[in-house]
Amino acid sequence: MSKTESRKDEHVKISLEKDVAAVHNYWDDVKLIHNALPEINKDEIDFSTKLFGKKIGAPLIIAGMTGGYEKAKKINENLAAAAEKYQIGMGVGSQRAALEKPELKETYSIVKDYDIPLRFANIGASQIVLWGHKQTLENAQKMIDMIDANVFAVCLNFLQEAVQSEGEAHAKGCFDAIKKLAEDLDTPVIVKESGAGISFDVAERLSKTKIAGIDVGGHGGTSFSAIEHFRSGMINDKLHERGGKTFWNWGVATPTSVMEVGEATEWKLPIIATGGIRNGLDAAKALALGASCAGVAHTLLEPATKSMDATISEVDAIIKEIRASMFLVGVDKVSKMSDIGVDLWI
Ligand SMILES: Cc1cc2nc3c(=O)[nH]c(=O)nc-3n(C[C@H](O)[C@H](O)[C@H](O)COP(=O)(O)O)c2cc1C
C-alpha cells in the first residue's frame, strides 16, 4: 500500500472511530423562523434545483471524501446508489492516487455505474501547483473522464497540509494555477475548502477568475486538524499530535463563510454549503443563508461504510427533513428559501 493509499484509509478510519468534529457546530447558531400559518402543502413543495446547468432532485450533494484504496470502492458505490436514487450530486475524494496507480481507478469510476445527474472530480490545490499548467490540464481531463465528471473541484486543504507530518504546504502560485485552469479547462471548475472555510477576502479574489462556483467547506463539522492529531498520535509523533490539537478549531464557520462568500461574489456564483451539515434542518438553514445547496460528508460516511440501504435511508431522512423545514417556514420552492428571515446568533 502506498503512502497516499494508506493516508486516505486512515482518514476514513479515524473519522469513524474518533470524534473529529469541531468543538462547536455553528448551524446551532442559525434559527429558522417558524411560520405558524405556512399556507402550503408539504407534499407539493418543489424541490428541483439547477446547479452547474444540471437538474438535481433536491438541493443536496454528497461531498467528495474517498477513493484510492480498495475499501473505498464500496463506500463510493453506496454513496453513488443513494445519489442515483434521489438524483442528487456527488463528488469523489482526491483522485491523485489513481493517477499514480491506474489500477486504483475503479475505486472512483464505480460511480459511473450509477445514473447521477452531477458528478465532481477532485484534486488538491498544492498538487496542481506542483504539476504546472500543461500537466494539470492533461491530468484534469483524465480525472474528469475517470468518473464522467460535470464539474472539476480544486480542493483547498492548507490547514491539513500545515499540521500534517508529511504535509505539502505549497500555496505559492495556487491562485494563478486555479485561474488558468478555470480559463482553459472545458469543464467548469469550482474551488472547494475541506473544513476550514472561505473568507470574504479569498472569495473576492476568486470572483475575479472564471471559476463556476465555490464549495465553502466551512468550519464546524469535520476538522482535518483533529484527524491529523489522531494520526500523529498513532505513530507517536508528538509535535504533529500537538499541532493537530492546537488548530482543531481553526477556520471560518460554515454559515459565516456562506454569507461572506455570497457578499464577496455579489451572489453571482453558486455556493455549496458543506461543513457540519448533520441533517435536513442544517441544510435548510444553509439555503436560507443563500447557498444553492448543502453538501454532506461525515454524516454519510458511517452509513456508506455499512451498506447501500443504510446510505439510502440517511439521504432519505435528510431530504425529508429539508422538506419539513421548508414547510415550517412556508416556502414552496427552493429558489425562494433565501428570501426568508433567519435568527442569527453568530
Ligand atoms: C474521510 C474524509 C475524507 C475527505 N477527503 C476529501 C478529499 O479527498 N477532497 C476534498 O475536497 N475533501 C475531502 N474531505 C472534506 C469533505 O468534502 C468536507 O469538505 C468536510 O469533511 C466538511 O464536511 P463535513 O463536516 O460534512 O464532514 C474529506 C472528508 C472526510 C470526512
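Me: In S10, which residue is the bridge partner of Asp 215?
Reply: This model is predicted. Asp 215 has its bridge partner in S10. Two bridges join S9 to strand S10 (residues 271–274), and the two run parallel. The partner of Asp 215 is Ile 272.

Me: Which helix packs on the sheet, touching S9 and S10?
Reply: The helix spans residues 254–264. Its direction makes about 170° with that of S10. This is helix H12.

Me: Which residue stands opposite Asp 215, on the S8 side?
Reply: S8 pairs with strand S9 (residues 213–215) in the parallel sense, over three bridges. Asp 215 belongs to S9. Opposite Asp 215 stands Lys 192.

Me: How many bridges join strand S7 to S8?
Reply: S7 covers residues 151–156 and runs parallel to S8. The number of bridges is five.

Me: Which residues of S8 point the other way from Val 189, Val 191 and Glu 193?
Reply: In a regular strand, side chains alternate between the two faces of the sheet. S8 spans residues 189–193, and five of its five residues are buried. Val 189, Val 191 and Glu 193 point one way. Pointing the other way are Ile 190 and Lys 192.

Me: What is the hand of the β-α-β unit made by S8, helix H9 and S9?
Reply: Helix H9 covers residues 200–206. S8, H9 and S9 make up the unit. Its hand is right-handed.

Me: In what order do the eight strands close into a barrel?
Reply: The pairing is parallel. Neighbouring strands of this sheet are turned by 25° against each other on average, direction ignored. The order is S4-S5-S6-S7-S8-S9-S10-S11.

Definitions and conventions. Residues are numbered from 1 along each chain as its sequence is written. This is a predicted model: local features need pLDDT of at least 70, side-chain atom pairs count only at pLDDT 80 or more; totals for chains, interfaces and linings use all residues. A residue is buried if 20 or more other C-beta atoms lie within 10 Å of its own, exposed if 12 or fewer, and partly exposed in between; C-beta atoms are placed from the backbone. Helices (H or I, at least four residues) and strands (E, at least two) are DSSP runs, numbered from the N terminus. Two strands pair if DSSP finds at least two bridges between them. A crossover is right-handed if, with the strands pointing away from the viewer, the path from the first strand over the helix to the second runs clockwise. Axes are lines fitted to C-alpha atoms, for helices over the stretch in contact, and angles run from 0 to 180 degrees between N-to-C directions. Two residues are in contact if their C-beta atoms, placed from the backbone, lie within 7 Å.
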